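Please read this report with the sequence and the 3D view side by side.

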Amino acid sequence: MTTLKPLQIDIVSDVVCPWCYIGKRRIENALALAPDVPVEIHWRPFFLNPWVPREGISRDQYLTAKFGSVEAYKGIAGRVVAAASEEGLLYRPDLVKRQPNTTDCHRLIHWAEHDPAGDKSAAMKQRLMELYFREGGDLTDIDVLVKAAADVGLDADSVRKRLATDEDVELISAQAKDASDKGISGVPTFVFAQKYAVSGAQPAEQLARAIRQVSAEVNAQAAE
């Protein structure tokens with residue numbers, strides 16, 4: 001029996017992007033549709049709003065700057081809330097009071113990937129998104145971030161100390177810049193085998209087809 005080479009999937013996304021929240025669930029559903037394909041997933045940073053300062057801004061200020069007014073976002077939000085609901089996800093835009101800069105969130109995801117006890121990056125990503133979209137959590141609050149890290153099994157004291165430093169800030173910025181330099185402007189973007197990019201929260205069936213096709217190609221090349 002031949003062992004399939006794992007398919008590398010790099011998922012470029014941001015924790016405050018509602019379509020990334022939906023896209024995470026869809027890629028998980030896609031993987032469930034292709035259970036025989038081994039994969040290696042890496043969560044890559046993207047700054048949906050690089051202009052938001054590190055301390056964050058009020059949600060109303062953000063919506064006014066981005067959409068013209070708080071009211072203008074309501075119609076858009078309704079469609080996204082419905083799309084999230086179809087995936088079994090809850091998005092409560094009315095609870096969100098603060099728009100964060102997501103540098104620290106991406107640092108947590110990076111640290112979770114390299115945790116001594118094993119890769120916890122998917123759980124970290126999920127917890128931060130749930131906090132933001134479902135619970136209206138303030139992702140600029142260090143206590144909120146430390147609690148989120150502890151929730152997925154990271155060491156709370158260590159995370160608090162690391163967040164107080166600039167550890168990996170440059171690394172996260174460089175990775176986000178690399179994504180935009182490669183032409184990624186919309187997220188989520190799923191990059192298969194570092195070659196093929198699929199942009200947007202595509203349906204699970206479509207993502208599953210891509211996973212199977214690229215895995216077959218990668219393994220055919222490895223067998224040559």
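The text below takes the helices, then the spaces, then the backbone.

This is a predicted model, in which local features need pLDDT of at least 70 and side-chain atom pairs count only at pLDDT 80 or more, while totals for chains, interfaces and linings use all residues. Residues are numbered from 1 along each chain as its sequence is written, and side-chain values use heavy atoms, with hydrogens and water left out.

**Helix packing**

Two packed helices are described by the angle between their axes and the distance between the axes. Here axes are lines fitted to C-alpha atoms, for helices over the stretch in contact, and angles run from 0 to 180 degrees between N-to-C directions. Helices (H or I, at least four residues) and strands (E, at least two) are DSSP runs, numbered from the N terminus.

| Helix pair | Angle between axes | Axis distance |
|---|---|---|
| Helix 4 and helix 6 | about 20° | 11 Å |
| Helix 5 and helix 6 | roughly 135° | within 9 Å |
| Helix 4 and helix 5 | roughly 155° | within 7 Å |

Angles under 35 degrees count as roughly parallel, over 145 as roughly antiparallel, 65 to 115 as roughly perpendicular and the rest as oblique.

Helix 4 covers residues 103-113 and helix 6 covers residues 142-151, and their axes make an angle of about 20°. Helix 4 is therefore roughly parallel to helix 6. Their contact (heavy atoms within 4.5 Å) is made by Asp104, Cys105 and Leu108 of helix 4 with Ile142, Leu145 and Ala149 of helix 6.

Helix 5 spans residues 121-134 and crosses helix 6 at roughly 135°. Helix 5 is therefore oblique to helix 6. On the helix 5 side, Met124, Arg127, Leu128 and Leu131 meet Val144, Leu145, Ala148, Ala149 and Asp151 of helix 6.

Helix 4 and helix 5 cross at roughly 155°, and the two are therefore roughly antiparallel to each other. Cys105, Leu108, Ile109, Ala112 and Glu113 of helix 4 make this contact with Ser121, Met124, Lys125 and Leu128 of helix 5.

**Cavity and pocket**

Both kinds of space are found on a 1 Å grid over the protein atoms alone: a cavity is a set of points where a 1.4 Å probe fits but cannot get out, and a pocket is an open set with protein on both sides within 12 Å along at least five of seven lines; lining residues have an atom within 4 Å of a point. Grid points are joined across faces, edges and corners, and a volume is the space filled by probe spheres set on the points.

How many cavities of 30 Å³ or more does a search of the whole structure find? The search finds one. The largest cavity has a volume of about 40 Å³. Its lining consists of Asp14, Val16, Phe47, Leu48, Asn49, Pro50, Pro100, Asn101 and Thr102.

The largest pocket holds about 340 Å³ of space. Of the 14 residues that line the largest pocket, Asp10, Val12, Asp178, Lys182 and Val191 lie nearest its centre. Strand 1 (7-13), helix 8 (169-181) and strand 6 (196-199) are the elements that give two or more residues to this lining.

**Backbone details**

Val187 and Pro188 are joined by a cis peptide bond, with omega about 5°. Pro188 sits in the loop between helix 8 and strand 5 (189-192).

Ala193 is not a glycine, yet its phi is positive, about 55°. Gln194, also a residue other than glycine, has a positive phi near 60°. Ala193 is in the loop between strand 5 and strand 6, and Gln194 lies in the loop between strand 5 and strand 6 as well.
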